Amino acid sequence: MPPQPESGPRWYALPLLLLGASGFAAGWMLLALRLDRTCSWLALLAAMDMVLLLRLSRWPADASRMLLALVSTAGVIGLANGLIAGGQIGKSLGMRPWEAVLKIGPDYAWLLVQLATDRVDIALYAASLALAAWSGVVSGRRPTPSTR
């Protein structure tokens with residue numbers, strides 16, 4: 001008899017999610033600084049990436065996966081916007097983006113994010129959170145075909 005797969009969460013899912021979220025935010029920042037735009041459309045890709053990482057780690061398709069997908073997507077959006085704000089200030093001061101983020105502080109970063117965000121960005125962020133919530137509870141498994 002083959003061993004039954006474990007249905008509970010895996011231990012490596014959370015570190016994988018943290019690594020994936022920080023890597024995606026860093027890539028988002030680099031692209032946004034290169035194009036000199038916020039690139040808010042990447043929020044939708046971030047949501048799909050966070051759900052994919054949870055599926056690959058075989059996290060059960062329930063409310064906990066939906067919550068993790070939501071929190072990690074929101075974290076990517078917040079971290080990327082903070083890094084983009086720091087990168088923009090760092091350009092003018094001759095600093096690297098990660099150096100500037102540590103110098104500007106959360107209040108100034110929040111002000112810069114508010115100034116750079118418009119209605120389309122907010123709509124894309126909301127859509128990405130909805131996508132993460134919906135995809136988090138969908139199992140992604142299809143029933144096997146009948147063998148008649």
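Arginine 65 is buried, its relative accessible area being 3%; here buried means under 20% relative accessible area, exposed over 50%, and partly exposed in between (1.4 Å probe, protein chains only). The residue is found in helix H3, where helices (H or I, at least four residues) and strands (E, at least two) are DSSP runs numbered from the N terminus. Between the C-alpha atoms of arginine 65 and methionine 50, which are 15 residues apart along the chain, the separation is 9.9 Å. The model is predicted, so local features need pLDDT of at least 70 and side-chain atom pairs count only at pLDDT 80 or more, while totals for chains, interfaces and linings use all residues. Residues are numbered from 1 along each chain as its sequence is written, and side-chain values use heavy atoms, with hydrogens and water left out.

Turning to the overall fold, the protein has five helices and zero strands, which gives the pattern α-α-α-α-α along the sequence. Of its 148 residues, 36% count as buried. With contact taken as heavy atoms within 4.5 Å, 75% of the contacts between residues at least 6 apart in sequence join residues at least 24 apart. The accessible surface comes to about 9,600 Å², and carbon and sulfur atoms hold 67% of this area. Accessible areas come from the Shrake-Rupley method with a 1.4 Å probe, and for residues only the protein chains shown count as cover.

Buried residues of H2 include Leu42, Ala43, Ala46, Ala47, Met50, Val51, Leu53 and Leu54. Their cover includes helix H1 (13-35), helix H3 (63-93) and helix H5 (119-137). Leucine 45 also lies in H2 (residues 42-56), but this residue is partly exposed at a relative accessible area of 37%. Together with Trp41 and Met48, Leu45 makes a nonpolar surface patch of about 300 Å². Such patches are made of residues with over 30% relative accessible area and no salt bridge, joining like charges within 9 Å and nonpolar side chains (Val, Leu, Ile, Met, Phe, Trp, Tyr) within 5 Å. Just after H2, arginine 58 takes a positive phi of about 60 degrees.

Helix H5 has 19 residues and reaches 28 Å from its first C-alpha to its last, close to the 27 Å expected at 1.5 Å a residue. Among its buried residues are Asp121, Tyr125, Ser128 and Ala132. The buried residues of H5 pack against H1, H2, H3 and helix H4 (97-116).

Side-chain pairs complete the picture. A salt bridge requires a side-chain nitrogen of Lys or Arg within 4 Å of a carboxyl oxygen of Asp or Glu, and the count comes to one. The side chains of arginine 96 and glutamate 99 meet in a salt bridge at 3.6 Å, N to O. Arginine 96 is partly exposed at 48% relative accessibility, as is glutamate 99 at 32%.

Rings of Phe, Tyr and Trp (its six-membered ring) pair if their centres lie within 6.5 Å, with planes under 30 degrees apart counting as stacked, over 60 as edge-to-face and the rest as tilted. By this rule there are two aromatic pairs. The rings of tryptophan 11 and tyrosine 12 have centres 5.6 Å apart and planes at 90 degrees, so this pair is edge-to-face. Tryptophan 11 counts as exposed at 74% relative accessibility, whereas tyrosine 12 is partly exposed at 31%.

Terms used. The expected span of a helix is 1.5 Å times one less than its number of residues.
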